[in-house]
Amino acid sequence: MAKRVHQPREDAEFDFILRASGVPVLAYFTGTWPKAIEPCRAADLVMGGIADEYAGRLTAVRTDITRCPAATERYGITGAPSCVLLKDGAPVAHGTGPMTTAEVREFLDGHL
């Protein structure tokens with residue numbers, strides 16, 4: 001995974017990253033239960049590349065659903081992988097399920 005991807009260990013750290021980011025935040029939510037592991041690993045690869053490609057234009061945050069339950073609930077996440085694009089802490093777009101790099105680019109370019 002790219003070094004540009006933040007991985008908060010708890011909700012307070014997630015919230016700190018949101019407040020500290022001067023650019024939109026792409027929060028993608030992952031899970032560790034058996035049916036989520038493979039799709040979430042694929043999402044890690046895609047999002048790592050996206051974080052590098054969009055460096056300076058967004059902050060990427062890999063958010064484990066079990067470690068950040070308040071953020072998961074706040075943004076209505078019901079499965080993994082899922083992503084939310086946040087501007088000034090407010091959600092502007094949601095995506096659910098595994099996405100290709102091209103799909104993530106399209107998702108972002110319509111909102112950045």
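Visitor: Which relative accessible area makes a residue buried, and which makes it exposed?
Guide: Buried means under 20% relative accessible area, and partly exposed covers the range in between. A residue counts as exposed when its relative accessible area is over 50%.

Visitor: In this predicted model, is Thr-66 buried or exposed?
Guide: Thr-66 has a relative accessible area of 56%. The cut-off for exposed is over 50%. Thr-66 is therefore classed as exposed.

Visitor: Where does Thr-66 lie, and between which elements?
Guide: The strand β3 covers 59-64 and the helix α3 covers 69-74. Thr-66 belongs to the loop between β3 and α3.

Visitor: Which residue's side chain is joined to that of Thr-66 by a polar contact?
Guide: The contact links two side chains at 2.6 Å. A pair of N or O atoms must be within 3.5 Å to qualify. The partner of Thr-66 is Asp-64.

Visitor: How many Å apart in space are Thr-66 and Arg-9, C-alpha to C-alpha?
Guide: In sequence, Thr-66 and Arg-9 are 57 residues apart. In space, their C-alpha to C-alpha separation is 9.6 Å.

Visitor: What volume does the largest cavity hold?
Guide: Searching the whole structure gives one cavity of 30 Å³ or more. The space in the largest cavity is about 70 Å³.

Visitor: Which element gives the most to the lining of the largest cavity?
Guide: Among the lining residues are Ala-43, Val-46, Met-47, Ser-82 and Cys-83. Both α2 (34-53) and β4 (82-87) supply at least two residues of the lining. With three residues, the element giving the most is α2.

Visitor: How many residues of that lining are charged?
Guide: The lining of the largest cavity has nine nonpolar and two polar residues. The number of charged residues there is none.

Methods. Residues numbered from 1 in each chain as written. Predicted model: local features only at pLDDT ≥ 70, side-chain atom pairs only at ≥ 80, totals over all residues. Heavy atoms only, no water. Helix = DSSP H or I, 4+ residues; strand = E, 2+ residues; numbered from the N terminus. Buried < 20%, exposed > 50% of the residue type's maximum accessible area, 1.4 Å probe, protein only. Polar contact = N/O pair within 3.5 Å; in protein donor to acceptor, adjacent residues only side chain to side chain. 1 Å grid on protein atoms, 1.4 Å probe; cavity = no way out; pocket = protein on both sides within 12 Å on 5 of 7 lines; lining within 4 Å. Points joined across faces, edges and corners; volume = space filled by probe spheres on them. Nonpolar A, V, L, I, M, F, W, Y, C, P; charged D, E, K, R; others polar.
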